[in-house]
Amino acid sequence: MEEKSRVSVVEDPAWFAMSATFGRALKAKTFLESKQVKCFVPMRYEIVKNKAQGKIRKLVPAINNLIFAYTTKERIQKLKSSVEFLQYLTKPVCGKNIPIIVPECQMQQFMAVCDTYNENLTYLSPGEINLEKGTPIKIVGGEFDGIEGTFVKVKNSRKKRVVVMIQGLTAVMIAEIEDGYLQVLE
């Protein structure tokens with residue numbers, strides 16, 4: 001009698017888009033990092049009121065409740081079961097809601113733009129811009145050298161802008177890109 005051997009499938013880590021409800025993205029990030037999970041929360045500077053110091057410039061999450069976790073599905077499933085406010089962001093596929101996994105290249109591009117903390121960045125939801133009409137471009141030179149995105153024309157503005165998007169989830173818009181820095185991608 002032949003014994004069936006169990007083959008354990010080693011799952012590759014991926015970027016999971018997660019929601020940390022009620023503004024607890026930084027708390028979730030601290031928890032996940034304490035468990036050696038690589039995380040990313042898009043941040044921006046904002047002027048906030050502080051009782052002791054008055055108005056101060058503070059680094060805060062740019063998108064409410066959004067956190068990305070780089071790990072395996074098995075590991076994130078175990079970790080999120082111990083943190084009630086950490087949930088998958090999902091998309092419907094064939095009648096089921098499946099966790100959103102961001103491709104590595106998209107995530108690296110998004111993080112590269114967000115990590116500049118440039119005050120001219122604008123964060124967009126999927127419904128705020130129609131990217132189907134855009135031209136795929138690459139920025140050559142300057143602060144955003146190597147970033148690929150979509151060229152957009154913003155209503156009532158002569159400025160050229162580039163959007164770096166995580167499909168169906170969020171986007172960040174870079175303001176005021178000069179013509180000489182844009183290369184059209186085929």
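Analyst: Lys-29 is partly exposed, with a relative accessible area of 22%. Buried means under 20% relative accessible area, exposed over 50%, and partly exposed in between (1.4 Å probe, protein chains only). Please note that this is a predicted model, in which local features need pLDDT of at least 70, side-chain atom pairs count only at pLDDT 80 or more, and totals for chains, interfaces and linings use all residues. Residues are numbered from 1 along each chain as its sequence is written, and side-chain values use heavy atoms, with hydrogens and water left out.

User: Which residue forms a salt bridge with Lys-29?

Analyst: Glu-33 does, and the closest N and O atoms are 3.1 Å apart. A salt bridge is a side-chain nitrogen of Lys or Arg within 4 Å of a carboxyl oxygen of Asp or Glu. Glu-33 is also partly exposed, at 38%.

User: Where do Glu-33 and Lys-29 lie?

Analyst: Both are in helix H1 (residues 25–34), 4 residues apart, which is about one turn of the helix. Helices (H or I, at least four residues) and strands (E, at least two) are DSSP runs, numbered from the N terminus.

User: How many salt bridges are there by this rule?

Analyst: The count comes to 4. Among them is the one between Lys-78 and Glu-74, at 3.5 Å from N to O. These two residues lie in helix H2 (residues 73–81), again 4 residues apart. Lys-78 is exposed at 57%, and Glu-74 is exposed at 52%.

User: Changing topic: how many disulfides are there?

Analyst: The count is 0 disulfides, a disulfide being a pair of cysteine sulfur atoms within 2.5 Å.

User: Is Cys-114 buried or exposed? And what about Cys-94?

Analyst: Cys-114 is buried, with a relative accessible area of 1%, whereas Cys-94 is exposed at 81%. Cys-94 takes a positive phi near 50° in the hairpin of E7 and E8, which has 2 residues between the strands.

User: How do E7 and E8 pair?

Analyst: Strand E7 (residues 90–93) and strand E8 (residues 96–99) pair in the antiparallel sense over 4 bridges. Two strands pair if DSSP finds at least two bridges between them. Lys-91 stands opposite Ile-98 in E8.

User: Last one: which residues touch the most other members of the largest nonpolar core?

Analyst: They are Phe-68, Met-107, Phe-110 and Ile-174, in a core of 27 residues. A nonpolar core is a set of buried Ala, Val, Leu, Ile, Met, Phe, Trp, Tyr and Cys residues joined through side-chain atoms within 4.5 Å.
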